[in-house]
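User: Could you walk me through this structure with a few questions and answers? I'd like to look at its sheets and its ligands.

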Amino acid sequence: MVQEATSSAAEANPVSTELRGKILLVTVDNPPVNALGVAVRRGLMAAIEGADANPAVAAVLIVGAGRNFIAGADIREFGLPPQQPLLTEVCNRIEASRKPVIAAIHGAALGGGLEVALGAHYRIAVASAKLGLPEVALGLLPGAGGTQRTPRLVGAKAALDIILSGRHVPAAEALKLGLIDRLAKSDDTLAEGLAYAQELLAANAGPRRSRDGTALADRAAAQAAIDAAKADVQKKQRNLFSPHKIVEAVQAALDKPFDEALKLERQFFMQCLDSPQRAGLIHAFFAEREVAKVPEAAAAQPRPFKHIGVVGGGTMGAGIAVAALDAGLPVTMVERDEASINRGRANVEKVYDGLVAKGRMTAEGKAAVMARFNGSTDYAAFQDVDLVIEAVFEDIDVKKAVFAELDRVCKPGAVLATNTSYLDIDAIAASISRPQDVVGLHFFSPANIMKLLEIVVPAQVSADVVATAFELAKKLKKTPVRAGVCDGFIGNRILAVYRQAADHLMEDGASPYDIDAAVREFGYPMGPFQVSDLAGGDIGWATRKRKAATRNPAARYVQVADRICERGWFGQKTQRGWYLYPEGSRTGQPDPEVLAIVDAERQRAGITPRRFSNEEIIRRYMAAMINEGANVVHERIALRPLDVDVTFVHGYGFPRFRGGPMKYADTVGLDKVLADIREFAKEDPLFWQPSPLLVKLVEEGKNFESLNKAAS
Ligand code: T1G
Ligand code: NAD
């Protein structure tokens, strides 16, 4: 940890210099992550030029203040007019220094931060440091020499892996790859850096430019790596723009002189900067950090929690238990009876057996984790837990009975959470003596994998309980989204509406397979009918039956799904649903019998089918999603449009490069979305009722981003 200066002078010039003997110590101090904003770039440029001009300086050592070396360019500057000097020029100037420049790395050296280190002549890192070029995650590529210097130091194969994956490379691996020259023995970055610089001076080590690296010498191997990456990107990232540019840039590293290839890199970088994918991905980056900023977390301290309780060991209970165990927490699970708790334990063990089988965990590792798991059929086992998550059958009476037990046995101050998907959490809270301790924690299946966690805030909950839920999310490495109480909260409520739009499209003439294909082309991994087959059509069927009594008789109701479920075709778990899954395969085949059912239902409904282009399918599908998203924000079920975006990107497979449904709406233009809804309303005014918020924003010439900004 290099000490932070805190004065306004630091803000003005976040780069300070200090002569330590013959070594000029250059410290970048730009909290929170030393991003390379224009002031930092100017400070670095001045420091290097000053060093070259100062005969007292024999070497330069660059370090970062605070928790990180440098976390990259300042992402907030993207989209704004570029300011001089560009980072490319700064890195070139560092490289051109007549004095040896050493970068001493701790924490994160990412993106432009690593490019600065690659501009330097020597690199040392502490063991806990992480190095990487994650620009691809922002729809960009390393635009300050990273695509040129990295392959010259580590070879084309390793460079393409680092740049295309965007992964954070641990220091030890970076040493093996040749990305750094030295692994520090201690965590004292400054001392290790100064000692290394002294050593280099003693060895008369002069400047050594990364651009002269020879790791591309074996051209055949390099070309083979580039061709393999090209094919892989073509296959796996065909929707994305920047990965293709990354491969082209590394090809240029092989084919062209450094400066010429650097110009090409800049060209490719500008093309990525102009791509809408950059805007979508950067929106997603900041949105998933904003969602944790909620009023309750600002107003109250979380309650301490060390021991987690889980009620129910089924699909969700077991997944939630694994998520807590993976976070290092002891877990107590309670089930109805012996057979059920043994099944619950087996469901938990199954996950770890899978990891052991794949060699990603040792048997000892599994035993150590399972030693923190305690199963019981006695609710008294919960008397010492700090937080309990209920995941029993989706039945209000069963849940109320469970909460009555929790109210009886749990210690004062224990947080009582429910994982219900749809039920009224206010009613559950009101059924016990401590409603202020009840909160909704809506995990997504599989709960140990899915990142999204809807934190549902009932009317009587106290702020510190909500703050505790957000703290738990951080501990479980989940992306939390605050949601109000309504049927389906944020995600499932909006899902129900665009799912209906898909059914309407199907009954009006589009085949379920065409709809899925259009949605995949839009960027989803799966279409709505494939998702239904994966989750099980019986869950939706149960919900439709539960709602039948209260459904508006005037509302359009497509019965195709009911016809399919009545045949017991629930999807993958029954080897057929909307698709056929011969011999249990996971890839469905279109089923002519399903198409026959669809035709029969069209005739029953008196509908003459018509053709829908992919473009029109997406316009209706997205209009339904956006409109209901606006209703959810309008009713403050979601605090901001970005909460809807994060929900769908992290919980419903929405293509991240589009930023989320509300960001996508801003990209299309709210006026166009509203015009579409008003057009569709001519066919079905009951279903297509423009959201008052959408109408208001269009009238005011504003967009959803304006609401995000207003809330931050
Ligand atoms: N620019 C601006 N703000 C940034 C930032 C950045 N690069 N990185 C983080 N922040 C903000 C973040 O929004 C949050 O703000 C606070 O810092 C703490 O972040 C030319 C084109 C470094 C591993 O992609 O991966 O270089 O919410 O909550 O969990 O080739 O931040 O507090 O207001 O994430 O400790 C490439 C992005 C840029 C790295 C720290 N670099 N950052 O994680 O804290 S493009 C990246 C991270 C580039 C060049 C190109 C992580 C972290 P707030 P945090 P953390
Ligand atoms: P499940 O049927 O797989 O598991 C429910 C478990 O609860 C069973 O093992 C049962 O023995 C146990 N149980 C029932 N009554 C009990 C009691 N009184 N005390 C202790 N244990 C009891 O169900 P699931 O899919 O895990 O769903 C559980 C909850 O999570 C439901 O509210 C559901 O809506 C919600 N949910 C499900 C999913 C999903 O995709 N399956 C996603 C999010 C939320």
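**Sheets and ligand shells**

User: In what order do the strands of the open sheet of 8 strands follow one another?
Analyst: Strands here are DSSP runs of E with at least two residues, helices are runs of H or I with at least four, and both are numbered from the N terminus. Two strands pair if DSSP finds at least two bridges between them. The pairing in this open sheet is mixed, and the order is S12-S11-S10-S13-S14-S15-S16-S17.

User: Happy with that! What kind of model is this, and which pLDDT do side-chain atom pairs need?
Analyst: Residues are numbered from 1 along each chain as its sequence is written, while chains are lettered from A and ligands numbered from 1 in the order of writing. Side-chain values use heavy atoms, without hydrogens or water, and this is a predicted model in which totals for chains, interfaces and linings use all residues, local features need pLDDT of at least 70, and side-chain atom pairs need pLDDT 80 or more.

User: Which residue in S13 is the bridge partner of Val311?
Analyst: Strand S10 (residues 308-311) and strand S13 (residues 387-390) run parallel and are joined by 4 bridges. In S13, Val311 has as its bridge partner Glu390.

User: Which strands does helix H15 touch as it packs on the sheet?
Analyst: Helix H15 covers residues 338-357, and its direction makes about 160 degrees with that of S12. Counting heavy atoms within 4.5 Å as contact, H15 touches S12 and strand S11 (331-334).

User: On to ligand 2: which helix gives the most to its shell?
Analyst: The shell has 23 residues, Met316, Glu335, Arg336, Glu394 and Lys399 being the closest; a residue belongs if one of its heavy atoms lies within 4 Å of the ligand. Helix H14 (315-326), helix H17 (396-409) and strand S15 (438-443) each supply at least two residues. The top contributor, with 3 residues, is H17.

User: And how much of ligand 2 does the protein bury?
Analyst: Among the polar contacts (N or O pairs within 3.5 Å), a nitrogen atom of ligand 2 is 2.9 Å from a side-chain N or O atom of Tyr379. An oxygen atom of ligand 2 is 2.8 Å from a side-chain N or O atom of Ser421. Taken alone, ligand 2 exposes 830 Å² (Shrake-Rupley, 1.4 Å probe), and the protein buries 80%.

User: What about ligand 1: how much of its area is buried?
Analyst: An oxygen atom of ligand 1 lies 2.6 Å from a side-chain N or O atom of Glu115, and an oxygen atom of ligand 1 is 2.7 Å from one of Glu135. Alone, the ligand exposes 1000 Å², of which the protein buries 78%.

User: Last one: why is one side of S5 and S8 left without a neighbour in their sheet?
Analyst: These strands belong to an open sheet of 3 strands with mixed pairing, ordered S5-S7-S8. Strand S5 (108-110) and strand S8 (169-170) stand at the edges, so one side of each lacks a neighbour, because each has a single partner strand.

How values were computed
Polar contact = N/O pair within 3.5 Å; in protein donor to acceptor, adjacent residues only side chain to side chain. Axes fitted to C-alpha atoms, helices over the stretch in contact; angles between N-to-C directions.
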